[in-house]
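User: Could you walk me through reading a few local features in a structure?

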Amino acid sequence: MNYKPYLPILKWRQGEYQALLRLNSHIKQALYPLFVVPPIEYDFESKRPKKTAQDYIEPLVDRIEKKWGKGLASIQLHESLHDELMNDGTRVPIHIFNQLLTSQTTIQPVIMFDYTKTYIDTVIEYSKQKNCGLIIRITFETLADSDQMSSLDNWIDQYELNRANIDIVVDYDTKAEYVPSEKLAFVTSILISNIENFDSYRAIYLAGTTLDFSSVPTKSSVTQPREYWTFYKYFYKEKVATIPNLGFGDYAIEPPGFAPSLDMRKIKPAARIIYSTEDCWAISKGSAFRDNPAQMHDMCHDFVYKSGHFIDNKLSNGDMKIYECAHKQCSNGSLTTWKEAGISHHLSLIVHQLANFHET
């Protein structure tokens, strides 16, 4: 593979790490994931966080070892965790990176410009001791802010960093307009070229999404164009000669960021299938899942045999789960089951799409 591996930005939740665990090995080897550790959820019944920092963080590194393994990846802690304390008084970041330092994993830290100096000092020291490099994640708005971007060169000098060990992730979040591609491509290329020695970094990844599940009506099936994927292909073809270290990243089937905690006693999330195709999102949304889990049989059957979007049950474990549910060969699972299925499918499809794209 003579192109940069695929960088999915994944929330470190059960649906995501179970999808990684069960991926086909050749797909897993083509991934370079960025794990975002979520904030501690709030328990509205007891009116306090569901877990202490100790209970929440203690299984993290062991779980990464078991679910992901030794492949190269990176980790970003939600800012709400930066000042949390373990039972012995150690700050959560220090605890995590001390554990990662002695683990068999190759997990790099992620930093952003608005992180505190204390946090940045901690993770850069870890990166140097682990000799694993790091990722600098930059919002598109920040990329356009020359004053903030001056921090990048300051870090390189202050911490004596080697650009060849650093990936930059330019994060469009959900705020970019990808149509027409020419407009955003022009602005993005100018801003990247303003980064000093931009071609000396290990990679410059773009990351974004246009998926909007929240706008899908209940009991409906819709498609949404994958405008970010279309834009990336255009940008790569137009700009790879001048930005040779380009890489593709996205948010798989989840939105960026984390919504405020909700009282799940009052919320009934809908059953859903989120399925990426060559150029669109195919989305089926049912009624409240907990009220009728059996609806997944009919939803999967219609998706496989009526939607025209189902690709192949052998593409991924997620595709096989949809196929088996369509034939009532498995249980209805849970909402996490169907998130895992969607992520498994998406990661597998993108790996194949990138391979085909770079062959042309």
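This is a predicted model: local features need pLDDT of at least 70, side-chain atom pairs count only at pLDDT 80 or more; totals for chains, interfaces and linings use all residues.

Analyst: Residues are numbered from 1 along each chain as its sequence is written, and side-chain values use heavy atoms, with hydrogens and water left out.

User: Is His82 buried or exposed?

Analyst: Buried means under 20% relative accessible area, exposed over 50%, and partly exposed in between (1.4 Å probe, protein chains only). His82 has 6%, so it is buried. His82 sits in the loop between strand 5 (72–77) and helix 5 (92–102); helices (H or I, at least four residues) and strands (E, at least two) are DSSP runs, numbered from the N terminus.

User: What does His82 touch, not counting residues up to four places away in sequence?

Analyst: Contact means heavy atoms within 4.5 Å. For His82 the partners are Leu77, Arg91, Pro93, Tyr115 and Tyr119, with residues up to four places away in sequence not counted. The His82 side chain also reaches the backbone oxygen of Leu77 at 3.0 Å.

User: Where is Ser284 placed?

Analyst: Ser284 lies in strand 13 (residues 280–288), and with 8% relative accessibility Ser284 is buried too. Leaving aside neighbours within four places in sequence, its contacts include Ser220, Ser221 and Phe303.

User: Which helix holds Ile190?

Analyst: Ile190 belongs to helix 9 (residues 181–193). Its relative accessible area is 40%, so Ile190 counts as partly exposed.

Notes:
A polar contact is a pair of N or O atoms within 3.5 Å; within protein, one must be able to donate a hydrogen and the other to accept it, and residues adjacent in sequence count only if both atoms are side-chain atoms.
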